[in-house]
Amino acid sequence: MPAYIIVEVTVHNPTEYEDYKKLTPGSLKNFQGKFIVRGGKTESLEGEWNPQRIVVLEFPTMALAKSWWASEEYAPAKALRQRTAHTKMIMVAGFEG
């Protein structure tokens with residue numbers, strides 16, 4: 001069953017955050033992860049949610065998604081993100097159908 005990591009990002013240091021964006025793709029390879037959404041234009045349809053940046057990642061399983069998030073491969077990028085932005089991140093199970 002696929003798993004998705006959904007991230008709302010508010011960038012505080014855009015210059016350094018660009019380095020994060022360069023580091024992250026390589027960290028996904030060993031975990032079969034891929035970007036579905038990566039900072040594209042957003043439009044609020046209901047409510048008052050107006051995020052600065054949204055990212056959606058897809059993994060084959062929740063176990064692989066969690067392993068990526070906790071991995072040595074992602075650790076340098078994660079530390080950079082945590083230093084340069086405020087994030088809200090969730091993981092959600094997809095469905096096969």
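# Exercises on a predicted model

About 120 Å³ of space lies in the largest cavity. The model is predicted, so local features need pLDDT of at least 70 and side-chain atom pairs count only at pLDDT 80 or more, while totals for chains, interfaces and linings use all residues. Residues are numbered from 1 along each chain as its sequence is written, and side-chain values use heavy atoms, with hydrogens and water left out.

## Exercise 1: The cavity

Determine which elements line the largest cavity and which of them supplies the largest share.

**Solution.** 

Step 1. A cavity is defined on a 1 Å grid over the protein atoms alone, as a set of points where a 1.4 Å probe fits but cannot get out; lining residues have an atom within 4 Å of a point. Grid points are joined across faces, edges and corners, and the volume is the space filled by probe spheres set on the points.

Step 2. The structure holds 1 cavity of 30 Å³ or more. Its lining comprises 16 residues, and the closest to the centre are Tyr-17, Tyr-20, Thr-24, Phe-35 and Val-55.

Step 3. Helices (H or I, at least four residues) and strands (E, at least two) are DSSP runs numbered from the N terminus. At least two lining residues come from each of S1, H1, S2 and S3. H1 supplies the largest share, with 4 residues.

## Exercise 2: The salt bridges

Find how many salt bridges the model contains, and describe each pair.

**Solution.** 

Step 1. A salt bridge is a side-chain nitrogen of Lys or Arg within 4 Å of a carboxyl oxygen of Asp or Glu. This rule gives 3 salt bridges. For accessibility, buried means under 20% relative accessible area, exposed over 50%, and partly exposed in between (1.4 Å probe, protein chains only).

Step 2. Arg-83 and Glu-16 form a salt bridge at 3.0 Å, N to O. This pair links distant parts of the chain, since Arg-83 is in helix H3 (residues 75–84) and Glu-16 is in helix H1 (residues 14–28), 67 residues apart. Arg-83 is exposed at 55%, whereas Glu-16 is partly exposed at 27%.

Step 3. Glu-18 and Lys-21 form a salt bridge, with their closest N and O atoms 3.0 Å apart. The two residues are separated by about one helical turn, because they are 3 residues apart in helix H1.

Step 4. Glu-58 and Lys-34 meet at 3.4 Å, N to O. Glu-58 lies in strand S3 (residues 53–59) and Lys-34 in strand S2 (residues 34–38), 24 residues apart. Glu-58 is buried at 17%, whereas Lys-34 is partly exposed at 46%.

Conventions. 1 Å grid on protein atoms, 1.4 Å probe; cavity = no way out; pocket = protein on both sides within 12 Å on 5 of 7 lines; lining within 4 Å.
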